[in-house]
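Please work through each task before reading its solution.

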Amino acid sequence: MKVPLSIILTVCSWHISFSQTSSLDSTWTVKGQEFRLTLKSNSNSEEVLNTLLKISRDSETILIDTIASSRLYIELRDMNSDNLIDLLIYQSSGARANETFNLFLYRPTSMNYLKVEGFNDWPNMHSTKIPGVVASYILKGVNEYKFFEINSWGELTDLNISEADSYLDGKAYNKGLDKVRRLKKSYRP
């Protein structure tokens, strides 16, 4: 009985010692409110959603979520042109440096953060000169720009505008922006 018990203890301690848990803590201020982000990731987890996310405002927890993240990295930038700090949390990188992020928009009315569903499905997302419009730069055989709108409820809408960037000269991006401007003008009453 002593031999099997010692083998079990050895296996258990080996599993615990090789488990790789990492964490990241960050704080920032928006409109006088202090926010704190805590990420805890288990890189050995077989779960797709391997990172626990917790956002607190002035020491009160306002959001808990579980996300996929292959490395703990964040960016604080305005993604919907409201001059407020939004939160981007790294998810992964596919082929050809197609990095994806989870986006949490700052909501000034409730002073909290809201996850934008579907944002993490598109690589290399960045804000544009058009308020509320973001673009994905998809690196593949022929690179492509695809345009989306983030509405005031934090919903991501595909504008069904994409442009192939065959010459890598930026003209496809500008052509796509022009199409977005025309589309937005046609919606005005």
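## Exercise 1: The sheet of S1 to S4

Task: In this predicted model, four strands form an open sheet with antiparallel pairing; determine the strand order, the edge strands and the twist.

Solution. Begin with the order, which reads S1-S2-S3-S4. Next, identify the strands that pair on one side only: these edge strands are S1, covering residues 21-30, and S4, covering residues 60-67. Finally, take the twist, which averages 15 degrees from one strand to the next. As background, strands of a sheet pair through backbone hydrogen bonds, either parallel or antiparallel.

## Exercise 2: The pairing of S1 with S2

Task: Describe how S1 and S2 are joined, and name residues that face each other across the pair.

Solution. First, count the bridges: 10 of them join S1 to strand S2 (residues 33-42), and the two strands run antiparallel. Second, locate partners. Asp-25 stands opposite Thr-38 in S2, and Thr-27 has Arg-36 in S2 as its bridge partner. Third, examine the connection: S1 and S2 form a hairpin with two residues between them. In this turn, Lys-31 has a positive phi of about 50 degrees.

## Exercise 3: The surroundings of Phe-148

Task: Is Phe-148 buried or exposed, and which residues is Phe-148 in contact with beyond its neighbours within four places in sequence?

Solution. Start with the location: Phe-148 is found in strand S11, which spans residues 144-150. Then apply the cut-off, by which buried means under 20% relative accessible area. Phe-148 counts as buried because its relative accessibility is 2%. Next, list the contacts, leaving aside neighbours within four places in sequence: Trp-122, Met-125, Gly-132, Val-133, Val-134, Ser-136, Leu-156, Thr-157, Asp-158 and Leu-159. Phe-148 and Asn-160 lie 12 residues apart along the chain, and their C-alpha atoms are separated by 7.8 Å.

Terms used
Residues are numbered from 1 along each chain as its sequence is written. This is a predicted model: local features need pLDDT of at least 70, side-chain atom pairs count only at pLDDT 80 or more; totals for chains, interfaces and linings use all residues. Side-chain values use heavy atoms; hydrogens and water are left out. Two strands pair if DSSP finds at least two bridges between them. Axes are lines fitted to C-alpha atoms, for helices over the stretch in contact, and angles run from 0 to 180 degrees between N-to-C directions. Buried means under 20% relative accessible area, exposed over 50%, partly exposed in between (1.4 Å probe, protein chains only). Contact means heavy atoms within 4.5 Å.
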